[in-house]
Amino acid sequence: FGSSVMIDFQDMAYDVQHRLLSEYRHTFPVFSDVQFGLPILALASVLASQRRTGLSLCDQRIILVGETPVLTAIAELLEEAIQRETRGETVLEVRKNIHVVDSNGLLVRTRDDAEGLDDHKLPYIEDSVECPDLLSAVKHIKPTVIIGISKDKPPFAFTKEVVEALCEGTERPLILPLSLRSAADGSPGAGEMSAKDAFEWTKGRCFFADRHTSGHVATSVGDFTVSKMCTSHVFPGVALGTTMAR
């Protein structure tokens, strides 16, 4: 069938998918939900929020929180989008907008475990002060966007203290808690925080999307409608584009 068939790599280890994509992307239409699906939706969410905040991509300060290579897949797509917008900045320059927090805090060179970090984290080690938890990282970086994604139990919940610190640094934060397990006990659902808490703790100022909530959310500061973030919205477009372009 040649190039009329899109090959989707599913349920493989991240490094295996990454190797196959790199090897075949110039020969066949290849796709990975892990490498492109959620990152596409994360980028779309940032772009959509810009219409209300007026911030450009290069004005965003982004914190990614978790313990999965998908974090860096999201980071790679965001930095590529920032590069396209700036039309000239290098990867290292645009990477200054993106910060990664794992279970031991912000990725910085002075951490005791810096030399033993997983390969996918290495490009995001920065020369900065040590922030051993999410709250201290938010206070230091003052992000406009916070994204959480972990395969298992997230290392940090987006607590009220974290969200209040987030609001001190930006008027309209974008909050994307994308994990499928609770930060409290690792049970299915909930993720890093609930939509209700996000709107209440930001007094309705935030933009919010997760992979659980869909429909009407009643809070003490008003009623909101949330659309669940789902990569099934990506597949039809990718497949149709592949078919049309052959």
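Is Q35 buried or exposed? With a relative accessible area of 9%, Q35 counts as buried, where buried means under 20% relative accessible area, exposed means over 50%, and partly exposed lies in between (1.4 Å probe, protein chains only). Before we go further, a word on the model: it is predicted, so local features need pLDDT of at least 70 and side-chain atom pairs count only at pLDDT 80 or more, while totals for chains, interfaces and linings use all residues. Residues are numbered from 1 along each chain as its sequence is written, and side-chain values use heavy atoms, with hydrogens and water left out.

Let us stay with Q35 for a moment. This residue lies in helix α2; helices (H or I, at least four residues) and strands (E, at least two) are DSSP runs, numbered from the N terminus. If we set aside neighbours within four places in sequence, Q35 is in contact with Y14, Q17, H18, L21 and A73, contact being heavy atoms within 4.5 Å. The C-alpha atom of Q35 is separated by 17 Å from that of L180, and the two residues are 145 residues apart along the chain. Helix α2 also holds S49, which is buried with a relative accessible area of 5%. Not counting residues up to four places away in sequence, S49 touches Q60, L174 and F207.

Now for the nonpolar interior. In soluble globular proteins, nonpolar side chains tend to be buried together. A nonpolar core is a set of buried Ala, Val, Leu, Ile, Met, Phe, Trp, Tyr and Cys residues joined through side-chain atoms within 4.5 Å. The largest one here has 33 residues, and L64, I74, L78, I147 and L176 have the most contacts inside it. At least two residues of this core come from each of α2 (33-53), β3 (62-65), α3 (70-86), β4 (98-102), β6 (145-148) and β7 (174-177). Helix α3 gives the most, with seven residues.

What about the cysteines? A disulfide is a pair of cysteine sulfur atoms within 2.5 Å, and by this rule the count comes to zero. C131 is one example: the nearest cysteine sulfur, that of C167, is 19 Å away. C131 is buried, with a relative accessible area of 4%, whereas C230 is partly exposed at 27%.

Charged side chains come next. A salt bridge is a side-chain nitrogen of Lys or Arg within 4 Å of a carboxyl oxygen of Asp or Glu, and the count comes to ten. D102 forms one with R111, the closest N and O atoms being 2.8 Å apart, and both of these residues are buried. D102 also meets K121 in a salt bridge (3.0 Å, N to O). K121 lies in the loop between β5 (105-106) and α5, and D102 in strand β4, so this pair ties together parts that are 19 residues apart in sequence. K121 is buried at 8% relative accessibility, and D102 is buried at 1%. A network of salt bridges links E67, D102, R111, D113 and K121.

Another salt bridge joins R205 and E171, with the closest N and O atoms 3.8 Å apart. R205 lies in the loop between α7 and β8 (207-208) and E171 in the loop between α6 and β7, so this pair ties together parts that are 34 residues apart in sequence. Here R205 is partly exposed at 23% relative accessibility, and E171 is exposed at 53%.

Finally, let us visit the surface. F1, V5, I7, Y24 and F28 make a nonpolar surface patch of about 500 Å². Patches are made of residues with over 30% relative accessible area and no salt bridge, with like charges joined within 9 Å and nonpolar side chains (Val, Leu, Ile, Met, Phe, Trp, Tyr) within 5 Å; accessible areas come from the Shrake-Rupley method with a 1.4 Å probe, and for residues only the protein chains shown count as cover.
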